[in-house]
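Walk through this model in two steps. Start with the charged pairs, then turn to the pockets.

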Amino acid sequence: MRQLIVNADDFGLHTKINQGIIKGFQEGFITSTSLMCSAPAFAEAAALAQENPGLGVGIHLTLVGSVPPAADPAKVRSLLDANGLFLPDYVAFAARFYRGGVRMSELETELCAQIERGLATNLKITHIDSHQHTHVLPIISDLVVKLCYKYNIGKIRNPHEAYFFDGGFAAGSGRKLGRAGLSFCASLAMRKAKAAGMRFPEHFFGMLAGGNLNETLVGNIIRNLPEGVSEIMTHPGLDSQSLARNFTWNYHWEDELNAFLSVENKRLLEKNNISLINFGGLK
C-alpha cells in the first residue's frame with residue numbers, strides 16, 4: 001500500500017502563500033500544511049484553516065527566516081539579530097548555536113511559545129516540523145522530542161530524502177551536499193523520535209528540488225513512489241513576482257502550486273493506486 005502526504009510549508013508567512021496553500025487544498029491534492037506561529041500572516045492562516053477543516057495542520061517551528069519571535073523578545077535575545085528578528089537562515093543559526101551563542105533556556109521558551117500559540121487556535125494539530133528543518137539538528141532534536149511529549153503531539157516530519165534521489169532535478173553539488181547532511185541529521189533525529197513512540201512517514205521528497213518543484217518533477221515522484229507512507233514537501237503560493245520581492249530564495253511558488261493542481265498528476269495518483277492522507281492518518 002502506498003500513501004502520500006503533500007505538505008505545504010510556510011502557512012502564515014505571507015497572504016499570497018496562504019492563498020496558494022488553500023487553493024492547492026481545495027482544487028488540488030495538497031493534504032497538509034505547517035503553520036508558522038510567529039509569522040506576519042499567522043492570524044489569517046489560522047482563520048483559513050478553521051474554514052477548511054479537512055486540511056491537516058501542523059506547527060512549523062521557526063528559528064530562522066528573519067521573522068519575529070512568538071515569545072517576548074527580551075526573553076529570547078540569544079536567538080535574535082540586532083533588529084529583533086530570527087537569523088536569516090539555518091547556516092547562520094547553526095554557527096551561533098554550536099559556538100555556544102544560543103541559550104538553551106531561551107530556545108525552549110521560544111519553541112514553547114510557538115507551540116502554545118498554535119494550540120490556542122483550537123485547530124487539531126497533526127504534527128511538528130520546522131522552517132529549514134532545524135528540528136533535526138543535533139541537540140535541538142532532543143528538545144523538540146521532549147516538547148512533543150509535553151504537548152502530546154505524536155507525529156513529526158522525517159526530512160530524510162534518499163541520498164542519491166534526484167527525480168529528474170539537475171541539482172548542483174552544493175544542494176546535494178546540503179541534502180546529504182540534512183538527511184544524515186534526520187536519520188539520527190528519527191531514532192530519538194521513534195524511541196519516544198512518535199510516528200513519521202517512511203519516505204520524504206522535495207528536499208533537493210526545494211522551491212523548484214513543477215508538474216514534471218512531481219509526476220516523477222508519483223511514478224516512483226515506494227511502498228509505505230511518503231511525504232512530499234512543497235512551497236506553493238500565488239503571484240511569484242510579488243513573493244520574490246519579499247523573499248530572496250529564488251522559489252517558484254506558482255510552479256509548485258500548479259504541480260499539485262495538475263490534472264495529469266491527479267490521474268497518476270489514481271493509476272498508481274496512491275491514497276492521500278495527512279499526518280493525522282499516520283498509523
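A residue counts as buried under 20% relative accessible area, as exposed over 50%, and as partly exposed in between. The model is predicted. Glutamate 27 has a relative accessibility of 44%, so it counts as partly exposed. Lysine 23, at 28%, is partly exposed too. The two side chains form a salt bridge, 3.1 Å from N to O. Both residues sit in helix H1 (residues 15-27), four residues apart, about one turn of the helix.

The whole structure holds ten salt bridges.

Glutamate 108 pairs with lysine 146, at 3.2 Å between the closest N and O atoms. Glutamate 108 belongs to helix H4 (residues 104-119) and lysine 146 to helix H5 (residues 140-150), so this bridge ties together parts 38 residues apart in sequence. Glutamate 108 is partly exposed at 22%, and lysine 146 is partly exposed at 45%. Elsewhere, shared partners link Asp9, Asp129, Arg157 and Glu231 into one salt-bridge network.

H6 supplies the largest share, seven residues. By class, the lining of the largest pocket has eleven nonpolar, eleven polar and five charged residues.

The second largest pocket has about 320 Å³. Twenty residues line it, and Gly56, Val57, Lys124, Ile125 and Thr126 lie nearest its centre.

Key: Residues are numbered from 1 along each chain as its sequence is written. This is a predicted model: local features need pLDDT of at least 70, side-chain atom pairs count only at pLDDT 80 or more; totals for chains, interfaces and linings use all residues. Side-chain values use heavy atoms; hydrogens and water are left out. Helices (H or I, at least four residues) and strands (E, at least two) are DSSP runs, numbered from the N terminus. Ala, Val, Leu, Ile, Met, Phe, Trp, Tyr, Cys and Pro count as nonpolar, Asp, Glu, Lys and Arg as charged, and the others, Gly among them, as polar. On a 1 Å grid over the protein atoms alone, a cavity is a set of points where a 1.4 Å probe fits but cannot get out, and a pocket is an open set with protein on both sides within 12 Å along at least five of seven lines; lining residues have an atom within 4 Å of a point. Grid points are joined across faces, edges and corners, and a volume is the space filled by probe spheres set on the points. A salt bridge is a side-chain nitrogen of Lys or Arg within 4 Å of a carboxyl oxygen of Asp or Glu. Buried means under 20% relative accessible area, exposed over 50%, partly exposed in between (1.4 Å probe, protein chains only).
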